[in-house]
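Okay, everyone, thanks for coming.

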Amino acid sequence: MRGFAPERIDFRSDTVSWPTPAMREAMATARVGDDVYGEDPTVNELEALAAHKTGKEAALFVASGTMGNLVAILTHAGRGDEAILGADCHVFSWEAGSMAALGGVTPYPLPTDQFGRMDPSAVAAAVRDDDPHLPRSRLVLVENSYGAKHGYPLPPAYFAAIEKEARRNGLAIHMDGARLFNASVAQQIDAAELTRYVDSVTFCLSKGLCAPVGSVLCGSIEFIRNARRIRKALGGGMRQAGILAAAGIVALNEMVERLADDHSTARFLADGLAELPGIRVAPEMVRTNMVFFELADDIPWSSDVIADRLREAAGIWVGTNGPRGFRAVTHYWIGPHDVRAFVSGMAEVLSALRQSEPVAWV
Ligand code: TLP
């Protein structure tokens with residue numbers, strides 16, 4: 001059973017993925033209770049499963065990745081504290097400034113390399129002296145896979161190097177693992193091999209894993225006890241949430257290994273786009289389910305114009321990334337035939353535009 005707009009081929013994000021038939025069945029028959037009392041058996045089962053998969057003691061079901069990250073930050077840090085993070089990471093760029101707006105935690109952004117890595121020595125250098133003029137360094141935030149850099153799957157060695165600096169300086173580490181399982185499947189390692197270096201991790205059920213709603217925050221028993229109170233304060237205490245958690249259990253049990261298919265579909269797309277004159281793409285950077293690509297300099301139209309044409313002409317939706325760039329994301333509901341439609345649709349749109357009057361793109 002497909003979702004609301006089956007005629008649409010949607011590459012904008014894996015967040016657009018619909019729940020699978022198995023999820024809908026599990027949701028319809030889920031056993032539920034009041035989760036604020038800790039009495040929803042299906043939420044409890046999901047949390048135990050998530051803790052197990054990430055090698056942590058405990059877990060907390062939250063409404064979204066953004067909520068999971070915010071709950072984690074507010075559990076680790078408070079007003080006047082500082083969090084060191086990548087300048088293009090999701091928490092800094094795409095979460096409404098929530099750590100500062102709601103928690104009084106200031107971000108300390110550092111540059112990242114082509115894969116999304118901060119330099120561990122820059123992390124160490126960013127730690128503040130103990131001086132009443134300065135914020136208190138409290139936390140390092142890492143992300144895996146790294147969304148702004150091709151969704152690149154970062155390896156355990158990177159997190160080990162960050163952990164070394166964090167521990168030396170008494171900092172906690174939180175991982176935004178929205179696509180943690182993409183990162184683990186791409187590297188053919190257990191998720192726990194990536195999360196063992198961090199104190200807490202959020203991963204999303206509602207992206208490539210196809211659940212309709214939800215993320216899970218994992219950490220120590222004491223951390224999760226404190227996080228539960230912060231989640232309640234943010235209005236995230238849900239009642240018969242087992243209806244949602246049921247889909248999450250299916251996501252973790254049935255949808256993780258198949259992420260490898262999304263990764264090969266993404267590579268297939270990148271290889272196809274690489275053949276098109278007018279498109280610049282680096283297929284070798286495509287290791288998970290994201291393809292970032294750009295218009296060559298001789299194309300006088302903006303990515304918005306091209307994306308609109310692609311939607312009108314072929315029913316294909318793609319995300320734009322700045323005036324010249326795009327992001328296409330593969331997921332369960334995108335197959336090789338959709339990729340072929342994307343590549344031929346893009347070729348047709350570019351050739352039709354070439355025959356029309358150019359419009360300024362700036
Ligand atoms: N990312 C969304 C958009 O917000 C950009 C997407 O389409 O990729 N961490 C990372 C790395 C994410 O990519 C996202 C969502 C989140 C956290 C937030 O998750 P939600 O949307 O559940 O709050």
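So, how many nonpolar, polar and charged residues are in the lining of the largest pocket? By class it's eight nonpolar, 16 polar and nine charged, where Ala, Val, Leu, Ile, Met, Phe, Trp, Tyr, Cys and Pro count as nonpolar, Asp, Glu, Lys and Arg as charged, and the others, Gly among them, as polar.

Quick housekeeping: this is a predicted model, with local features needing pLDDT of at least 70 and side-chain atom pairs pLDDT 80 or more, while totals for chains, interfaces and linings use all residues. Residues are numbered from 1 along each chain as its sequence is written, and side-chain values use heavy atoms, leaving out hydrogens and water.

Back to the pocket (an open set of points on a 1 Å grid over the protein atoms alone, where a 1.4 Å probe fits, with protein on both sides within 12 Å along at least five of seven lines; lining residues have an atom within 4 Å of a point). It has 33 lining residues, with His90, Trp94, Gly147, Arg179 and Arg327 nearest the centre.

Around the ligand we've got 13 residues, and Ser13, Gly65, Thr66, His90 and Asp176 are the closest; the cut-off is a heavy atom within 4 Å. That shell has one nonpolar, six polar and six charged residues.

Now the side-chain contacts. Aspartate 176 puts an N or O atom 2.6 Å from a ligand nitrogen. Serine 13 has a polar side-chain atom 2.7 Å from a ligand oxygen, and for arginine 327 an N or O side-chain atom is 2.9 Å from a ligand oxygen.

Definitions and conventions: Polar contact = N/O pair within 3.5 Å; in protein donor to acceptor, adjacent residues only side chain to side chain.
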